[in-house]
Amino acid sequence: MGDKHDIHDASEQYLDGFTRTLAEVSATGRRLTREELKTRRTLGEQAAEAGHGLRALIVAHLAATRAAWPAMPGSAESGLATLAAVEQAIDAFAEGYERAQRLSVRREEAARREFIDDLLYGRSDLGRLVERAERFGLHLSRAHAVAVAEGPSAYVEGGTIARRVEAAVLARFDSRSILLTTKNGRLLCVAPGDEDEILLHFAKQAYAATDGVRVAVGRPQHGAGGVVQSYEEALAALEMAARLGLAGPVLRAADLLVYPVLARDRQALVDLVTHTLGPLTKARGGALPLLETLDAYFDSGCVAAETARRLSLSVRALTYRLERIHKLTGADPADPAQRYMLQTAVIGARLLDWPSQPL
């Protein structure tokens, strides 16, 4: 009962002067003045800012019109003038209401973008960041992980693809704990660190929406700084994947930790590649065909038949190549004791873009 009274009281506030104006219009046949229309727009803006529903307020305008109608002159001309005034008044009220809503949406979008920038760059006061995060559904006291999708063309905030992926994710999972956005042309999903299925579903939807997309997932990290760290790990994984030509439905930063470790000491990596794989340059046709053979061999789990299939070779031709590698390098790819050094050197060669780039 109290709710109905509250709605009625709110309607009365935004109907201020409405019936009096209708009475004057009915008596004179005039149209609403510029000042009266401005008043109705202002009241519409105030109603939107107060959070009242437009539908209920329009109904209140029509109810007030019906209640006042018997007291108005009964000629057809005055009736038409009154209805025209009602139309003008409601249109002006709705215009003000919608304008206030648009401004509110723009302010909300600006606040959201500012929060996302601060969150991913870690440049805001942590206490304030935590307070703002709760408004967007993130509780930074728990661990979060970040998945980043990178496509052949930039993702646009509010664009068709971004909205499609967001709708698919939020249709399945609780939107209050997920943040989907774009950053520097990439599509991001921030989710609780213990809900890996959200990020996997995000990756699946990104793949379904865009051809040629790569998705990388950072490790779950705690706190506001943890979101930044997970985001940076995902970016590093994407960069590493591009350098090494890594494929796969999802690239996990946790699975790629060996690559930045190897790349950290360039000189040691150069020495390893030069010492281990350098002799392959003496082969007829250069080092590249044999290096590609090693790469495919290790990627296929050292299964000769699968490697031959990937390289479009016969098993006999593959065996010859592996024997040639053994003879040139002194390391046998089929020997588990020697395989690790060769495989590490192959990874190093990919990181250094050798032999395309001289060491």
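A crossing of two helices is right-handed if the near helix is turned clockwise from the far one by less than a right angle. In this predicted model, the crossing of α2 and α5 is right-handed. The crossing of α7 and α8 is right-handed as well. Strand β3 pairs with β1 through six bridges and with β2 through five bridges. Backbone exceptions include a cis peptide bond from Trp354 to Pro355 and a positive phi at Asn184.

**Helix packing: α2 with α5**

- Two packed helices are described by the angle between their axes and the distance between the axes.
- For helix α2 (residues 18-28) and helix α5 (residues 76-121), the angle is about 145° and the axes are 8 Å apart.
- On the α2 side, the contact is made by Phe18, Leu22, Val25 and Ser26.
- On the α5 side, the partners are Ser78, Ala81, Thr82, Ala85, Val86 and Ala89.
- By class, this contact of α2 with α5 has seven nonpolar residues, three polar ones and no charged ones.

**Helix packing: α7 with α8**

- Helix α7 (residues 160-172) packs on helix α8 (residues 196-209) at an angle of about 145°, with axes 9 Å apart.
- From α7, the contact takes in Ile161, Arg164, Val165, Ala168, Val169 and Arg172.
- From α8, it takes in Ile198, His201, Phe202, Gln205, Ala206 and Ala209.
- The residues of the α7 and α8 contact divide into eight nonpolar, two polar and two charged.

- Strand β1 (residues 143-150) runs antiparallel to β3.
- Val148 has Leu188 in β3 as its bridge partner.
- β2 and β3 also run antiparallel.
- Here Lys183 has Arg186 in β3 as its bridge partner.
- β2 and β3 form a hairpin, with two residues between them.
- Six of the seven residues of β3 are buried, so β3 is largely enclosed by the rest of the structure.

**Backbone exceptions**

- Most residues other than glycine have a negative phi, and most peptide bonds are trans.
- Asn184 sits in the loop between β2 (179-183) and β3 (186-192), in the turn of the hairpin.
- Asn184 counts as exposed because its relative accessibility is 55%, and the cut-off for exposed is over 50%.
- Cys302, also not a glycine, has a positive phi near 65°.
- Cys302 lies in the loop between α12 (288-299) and α13 (304-311).
- The peptide bond from Trp354 to Pro355 is cis, with omega near 15°.
- Pro355 lies in the segment after α15 (336-352).

**The aromatic pair**

- The count of aromatic pairs comes to one.
- Tyr297 and Phe298 form this pair, with 5.9 Å from centre to centre and 55° between the planes.
- The pair is classed as tilted.
- Both Tyr297 and Phe298 are buried.

- Thr276 is placed in helix α11 (residues 266-277).
- Its relative accessible area is 3%, so Thr276 counts as buried, the cut-off being under 20%.
- Neighbours within four places in sequence aside, Thr276 is in contact with Thr329, Met341, Leu342 and Ala345.
- Gly348 is found in helix α15.
- Gly348 counts as buried because its relative accessibility is 0%.
- Gly348 and Val273 are 75 residues apart in sequence, yet their C-alpha atoms are 6.4 Å apart in space.
- Leaving aside neighbours within four places in sequence, Gly348 is in contact with Leu269 and Val273.

- Ala110 is found in helix α5.
- Ala110 counts as partly exposed because its relative accessibility is 48%, between the cut-offs of 20% and 50%.
- Ala110 and Gly301 are 191 residues apart along the chain, and 50 Å separates their C-alpha atoms.

Definitions and conventions: Residues numbered from 1 in each chain as written. Predicted model: local features only at pLDDT ≥ 70, side-chain atom pairs only at ≥ 80, totals over all residues. Heavy atoms only, no water. Axes fitted to C-alpha atoms, helices over the stretch in contact; angles between N-to-C directions. Helix = DSSP H or I, 4+ residues; strand = E, 2+ residues; numbered from the N terminus. Contact = heavy atoms within 4.5 Å. Nonpolar A, V, L, I, M, F, W, Y, C, P; charged D, E, K, R; others polar. Phe/Tyr/Trp six-rings, centres within 6.5 Å; stacked < 30°, edge-to-face > 60°. Buried < 20%, exposed > 50% of the residue type's maximum accessible area, 1.4 Å probe, protein only. Pairing = 2+ DSSP bridges.
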